[in-house]
Amino acid sequence: MEFTLDLDRRQIEKIEKILDEELIDLGVSNVILLDLAGNVIVNLDNGNTQHDVYSLAALAAGNFGAVSAMANLIGEQEFSLLFHKGETDSIHFSKVTDDLLLLSIFGKEVSLGFLRLKVTEAVRKIESLFG
């Protein structure tokens, strides 16, 4: 897989601001922007998490790739919702660009529907930085 991502410090800071305002302020405990190889680009949390973000990013990239392959096998280009619900925490995946994935970890206090709306807004804002 050939992949190049050229972000300067200013773009990274803008992405961090977007994710903080749209998701962390909503109540998301951890948000990770990663490439499809599992490399962490941005990692933000609410200060109350102790996740191994590098392992999470690697596993999330692999999971996203596997689910994308399953979608292709049944004739879908991709699945629009990739979400894992746990007893206390859940994980939501969202494709940002062809090369970037956004992983949001959140608890029961955050509505999935509202999260999806805020993720869509955040993704739109991040995409505009690459335009």
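Visitor: In which helix is Leu73 found?

Guide: This is a predicted model, and every value given here is computed from it. Leu73 falls within the run of residues 53-73, and that run is helix H2.

Visitor: Is Leu73 buried or exposed?

Guide: A residue counts as exposed when its relative accessible area is over 50%. Leu73 has a relative accessibility of 75%, so Leu73 is exposed.

Visitor: Which residues form a nonpolar patch on the surface, and what is their accessible area together?

Guide: Leu73 belongs to this patch, along with Met70, Ile74 and Phe79. Together the four have an accessible area of about 460 Å².

Visitor: What lines the largest cavity, and what is its volume?

Guide: Rolling a probe the size of a water molecule over the atoms shows where empty space is left. The count comes to one cavity of 30 Å³ or more. Its lining consists of Phe64, Val67, Ser68, Ala71, Glu78, Phe79 and Leu82. The volume is about 50 Å³.

Visitor: Which element gives the most to the lining of the largest cavity?

Guide: Phe79, a member of the nonpolar surface patch, is also one of the lining residues of the cavity. The element that gives the most, with four residues, is H2.

Visitor: With which residue does Glu78 form a salt bridge?

Guide: Side chains of opposite charge can pair when their charged atoms come close. Glu78, which also lines the largest cavity, has such a partner, with the closest N and O atoms 3.5 Å apart. The partner is Lys95.

Visitor: What is the volume of the largest pocket, and which residues lie nearest its centre?

Guide: The volume of this pocket is about 230 Å³. E4 and H3 each supply at least two residues of its lining. Of the 14 lining residues, those nearest the centre are Ser80, His92, Phe93, Ser94 and Lys95.

Visitor: How far apart in space are Leu33 and Lys95?

Guide: Leu33 lies in strand E1 (residues 30-35), and its relative accessibility of 0% means that it counts as buried. Beyond its neighbours within four places in sequence, Leu33 has contacts that include Ile15, Val42, Val96 and Leu102. In sequence Leu33 and Lys95 are 62 residues apart, and from C-alpha to C-alpha the distance in space is 9.7 Å.

Visitor: How many residues apart are Glu22 and Lys118, whose side chains meet in a salt bridge?

Guide: The whole structure has nine salt bridges, and in one of them Glu22 and Lys118 meet at 3.0 Å, N to O. The pair links distant parts of the chain, with Glu22 in helix H1 and Lys118 in helix H3 (residues 112-129). Both residues are buried. Their separation is 96 residues.

Visitor: Which residues are linked with Lys118 in a network of salt bridges?

Guide: Lys118 also meets Glu121 in a salt bridge of 3.5 Å, N to O. Both lie in helix H3, three residues apart, about one turn of the helix. Lys118 is buried at 17% relative accessible area, while Glu121 is partly exposed at 24%. The residues linked with Lys118 in the network are Glu22, Glu121 and Lys125.

Visitor: Is Gln11 buried or exposed, and what is its relative accessibility?

Guide: Gln11 lies in helix H1 (residues 9-24). Leaving aside neighbours within four places in sequence, its contacts are Asp6 and Leu129. Gln11 counts as buried because its relative accessibility is 13%.

Visitor: Where is Ser29 placed, and what is its relative accessible area?

Guide: Ser29 sits in the loop between H1 and E1. Its contacts beyond four places in sequence include Ile24, Leu44, Thr49 and Phe106. Ser29 is buried, since its relative accessible area is 10%.

Terms used: Residues numbered from 1 in each chain as written. Predicted model: local features only at pLDDT ≥ 70, side-chain atom pairs only at ≥ 80, totals over all residues. Heavy atoms only, no water. Buried < 20%, exposed > 50% of the residue type's maximum accessible area, 1.4 Å probe, protein only. Contact = heavy atoms within 4.5 Å. Patch = residues over 30% accessible without salt bridge, like charges linked within 9 Å, V, L, I, M, F, W, Y side chains within 5 Å. Areas by Shrake-Rupley, 256 points an atom, 1.4 Å probe, with all protein chains shown as cover. 1 Å grid on protein atoms, 1.4 Å probe; cavity = no way out; pocket = protein on both sides within 12 Å on 5 of 7 lines; lining within 4 Å. Points joined across faces, edges and corners; volume = space filled by probe spheres on them.
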